[in-house]
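Good morning, and thank you for coming.

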Amino acid sequence: MGSTPAENASERMQPTPTPPPNALPPMAIRDFQRLIHERYYATDSARGAPATFLWFSEEVGELAHALGKLHKGTPDRANLEEEFADVLAWLTTLANVAGVDLERAIHAKYLADGGPKGTK
């Protein structure tokens with residue numbers, strides 16, 4: 001038999017777990033995109049999408065190298081995290097140059113109507 005409405009409400013209203021002392025505050029995708037726009041948009045838009053994509057590609061290559069080290073059992077954790085951050089920042093830069101709202105795009109593709117069907 002299913003849950004009662006009161007039980008469902010009680011489940012939804014559970015307290016949020018206390019984050020560990022070193023936890024960072026959450027950041028919305030829109031906030032990160034705004035940060036990147038404010039810091040880099042003038043330079044990025046002047047460079048244009050094709051040249052910016054080359055910078056992005058270079059960062060993806062650096063991430064591939066860091067992942068290779070992880071796979072070989074000789075990871076450099078700090079470098080791996082830095083390369084993930086760089087790839088995300090350059091992808092966000094490309095979205096800014098192209099006028100794409102990442103939060104809207106992600107919502108439309110992955111959250112609306114249950115997201116894509118199937119698995120990868």
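Is Glu103 buried, partly exposed or exposed? With a relative accessible area of 23%, Glu103 is partly exposed; buried means under 20% relative accessible area, exposed over 50%, and partly exposed in between, with a 1.4 Å probe and protein chains only.

A word on the source. This is a predicted model, in which local features need pLDDT of at least 70 and side-chain atom pairs count only at pLDDT 80 or more, while totals for chains, interfaces and linings use all residues. Residues are numbered from 1 along each chain as its sequence is written, and side-chain values use heavy atoms, leaving out hydrogens and water.

I turn to the salt bridges. The structure holds five of them, each being a side-chain nitrogen of Lys or Arg within 4 Å of a carboxyl oxygen of Asp or Glu. In one of them, the side chains of Glu103 and Arg30 meet at 2.8 Å, N to O. Glu103 lies in helix H5 and Arg30 in helix H2 (residues 29-47), so the pair ties together parts that are 73 residues apart in sequence. Helices here are DSSP runs (H or I, at least four residues), numbered from the N terminus. Arg30 is partly exposed, at 43% relative accessibility.

Another salt bridge joins Arg47 and Asp44, with the closest N and O atoms 3.0 Å apart. Both residues lie in helix H2, three residues apart, about one turn of the helix. Which of these is buried? Asp44 counts as buried, at 5% relative accessibility, whereas Arg47 is partly exposed at 26%.

Definitions and conventions:
Helices (H or I, at least four residues) and strands (E, at least two) are DSSP runs, numbered from the N terminus.
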